[in-house]
Amino acid sequence: MASEDLIELKFRLADGTDIGPTKYSPATTVASLKEKILAQWPKEKENGPKTINDVKLINAGRILENNRTIAESRLPVGGLPGGVITMHVVVRAPLPDKKSDKVHKDSPSKMCCSCSIL
(Lines give C-alpha, C1' and ligand atoms only; values in the text may rest on other atoms or scores of the structure.)
Protein backbone atom coordinates (compact mmCIF):
# COMPACT_ATOMS: atom_id res chain seq x y z
CA MET A 1 0.00 0.00 0.00
CA ALA A 2 1.36 3.43 -0.92
CA SER A 3 2.21 5.68 2.00
CA GLU A 4 -0.14 8.39 0.68
CA ASP A 5 -3.04 5.95 1.19
CA LEU A 6 -2.30 5.76 4.92
CA ILE A 7 -4.27 7.89 7.38
CA GLU A 8 -2.32 9.71 10.08
CA LEU A 9 -4.08 9.70 13.46
CA LYS A 10 -3.32 10.97 16.93
CA PHE A 11 -5.35 10.25 20.01
CA ARG A 12 -6.07 13.10 22.44
CA LEU A 13 -6.45 12.03 26.08
CA ALA A 14 -8.64 13.87 28.60
CA ASP A 15 -5.66 15.74 30.11
CA GLY A 16 -4.69 17.15 26.69
CA THR A 17 -1.74 14.84 26.01
CA ASP A 18 -1.57 12.82 22.82
CA ILE A 19 -0.72 9.29 21.76
CA GLY A 20 0.79 9.41 18.27
CA PRO A 21 0.59 10.54 15.56
CA THR A 22 0.90 7.24 13.71
CA LYS A 23 -0.14 6.21 10.20
CA TYR A 24 -2.78 3.51 9.74
CA SER A 25 -4.34 1.69 6.83
CA PRO A 26 -7.93 2.74 6.07
CA ALA A 27 -8.88 -0.95 6.58
CA THR A 28 -7.80 -0.84 10.26
CA THR A 29 -10.74 -1.45 12.60
CA VAL A 30 -11.66 0.84 15.46
CA ALA A 31 -11.15 -2.13 17.83
CA SER A 32 -7.55 -2.41 16.57
CA LEU A 33 -7.01 1.30 17.22
CA LYS A 34 -8.27 0.84 20.78
CA GLU A 35 -5.85 -2.08 21.27
CA LYS A 36 -2.99 0.21 20.14
CA ILE A 37 -4.17 2.86 22.60
CA LEU A 38 -4.16 0.31 25.44
CA ALA A 39 -0.64 -0.79 24.51
CA GLN A 40 0.66 2.79 24.31
CA TRP A 41 -1.25 4.19 27.31
CA PRO A 42 1.18 6.23 29.46
CA LYS A 43 2.08 4.10 32.48
CA GLU A 44 2.28 7.14 34.80
CA LYS A 45 -1.39 8.03 34.24
CA GLU A 46 -3.84 6.79 36.84
CA ASN A 47 -7.13 5.09 36.00
CA GLY A 48 -6.10 3.87 32.60
CA PRO A 49 -8.40 1.62 30.59
CA LYS A 50 -8.19 -2.14 31.18
CA THR A 51 -9.97 -3.37 28.02
CA ILE A 52 -11.06 -1.91 24.70
CA ASN A 53 -14.61 -1.75 26.10
CA ASP A 54 -13.36 0.87 28.58
CA VAL A 55 -12.37 3.16 25.69
CA LYS A 56 -14.54 5.30 23.44
CA LEU A 57 -13.04 6.97 20.37
CA ILE A 58 -14.70 10.16 19.19
CA ASN A 59 -14.10 11.76 15.81
CA ALA A 60 -15.93 14.98 14.86
CA GLY A 61 -18.44 14.43 17.67
CA ARG A 62 -19.30 10.85 16.72
CA ILE A 63 -18.53 7.76 18.80
CA LEU A 64 -16.82 5.21 16.57
CA GLU A 65 -18.01 1.59 16.56
CA ASN A 66 -15.51 -1.22 17.21
CA ASN A 67 -16.48 -3.30 14.17
CA ARG A 68 -16.10 -0.44 11.67
CA THR A 69 -12.91 0.42 9.78
CA ILE A 70 -11.25 3.82 9.77
CA ALA A 71 -12.48 4.34 6.20
CA GLU A 72 -16.07 3.56 7.23
CA SER A 73 -15.84 5.75 10.34
CA ARG A 74 -14.13 8.80 8.93
CA LEU A 75 -16.14 11.89 8.23
CA PRO A 76 -15.23 14.06 5.24
CA VAL A 77 -14.36 17.06 7.46
CA GLY A 78 -11.61 15.04 9.15
CA GLY A 79 -9.66 14.09 6.06
CA LEU A 80 -7.45 16.90 4.86
CA PRO A 81 -4.71 15.65 2.53
CA GLY A 82 -1.46 15.35 4.48
CA GLY A 83 -3.17 16.35 7.73
CA VAL A 84 -3.28 14.56 11.06
CA ILE A 85 -6.74 13.54 12.28
CA THR A 86 -7.25 13.94 16.03
CA MET A 87 -9.53 11.45 17.71
CA HIS A 88 -10.58 12.05 21.29
CA VAL A 89 -10.25 9.22 23.81
CA VAL A 90 -12.81 8.87 26.60
CA VAL A 91 -12.20 6.28 29.30
CA ARG A 92 -15.23 4.77 30.96
CA ALA A 93 -15.12 5.03 34.74
CA PRO A 94 -14.78 1.67 36.47
CA LEU A 95 -18.14 0.12 37.31
CA PRO A 96 -18.85 -0.50 40.99
CA ASP A 97 -18.79 -4.06 42.26
CA LYS A 98 -22.36 -5.28 41.81
CA LYS A 99 -22.24 -7.58 44.84
CA SER A 100 -21.33 -4.81 47.25
CA ASP A 101 -24.00 -2.48 45.86
CA LYS A 102 -26.93 -4.78 46.64
CA VAL A 103 -29.07 -3.71 49.59
CA HIS A 104 -31.30 -6.18 51.36
CA LYS A 105 -34.96 -5.27 50.83
CA ASP A 106 -35.86 -5.85 54.51
CA SER A 107 -32.90 -3.90 55.86
CA PRO A 108 -31.95 -1.02 53.56
CA SER A 109 -29.25 0.26 55.92
CA LYS A 110 -27.26 -2.98 55.69
CA MET A 111 -25.38 -4.26 52.68
CA CYS A 112 -25.93 -7.82 51.61
CA CYS A 113 -24.88 -10.34 49.05
CA SER A 114 -27.27 -13.07 47.90
CA CYS A 115 -29.68 -11.92 50.64
CA SER A 116 -27.36 -12.78 53.54
CA ILE A 117 -26.92 -9.71 55.66
CA LEU A 118 -23.29 -8.84 56.22
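Visitor: How many salt bridges does the structure hold?

Guide: Four. This is a predicted model, where local features need pLDDT of at least 70, side-chain atom pairs count only at pLDDT 80 or more, and totals for chains, interfaces and linings use all residues. Residues are numbered from 1 along each chain as its sequence is written, and side-chain values use heavy atoms, with hydrogens and water left out.

Visitor: Why is the contact of Asp-15 and Lys-45 called a salt bridge?

Guide: The term requires a side-chain nitrogen of Lys or Arg within 4 Å of a carboxyl oxygen of Asp or Glu. For Asp-15 and Lys-45, the N to O distance is 2.3 Å. So the pair counts as a salt bridge.

Visitor: What makes this pair a link between distant parts of the chain?

Guide: Asp-15 and Lys-45 are 30 residues apart. Asp-15 is in the loop between strand E1 (7-12) and strand E2 (18-24). Lys-45 is in the loop between helix H1 (30-40) and strand E3 (55-59). Helices (H or I, at least four residues) and strands (E, at least two) are DSSP runs, numbered from the N terminus.

Visitor: Why is Lys-45 called partly exposed?

Guide: Buried means under 20% relative accessible area, exposed over 50%, partly exposed in between (1.4 Å probe, protein chains only). Lys-45 has 22%, so it is partly exposed.

Visitor: Which residues are linked in a network of salt bridges?

Guide: Lys-10, Arg-12 and Asp-18. Asp-18 and Lys-10 meet at 3.6 Å, N to O. Asp-18 has a relative accessible area of 32%, so it is partly exposed.
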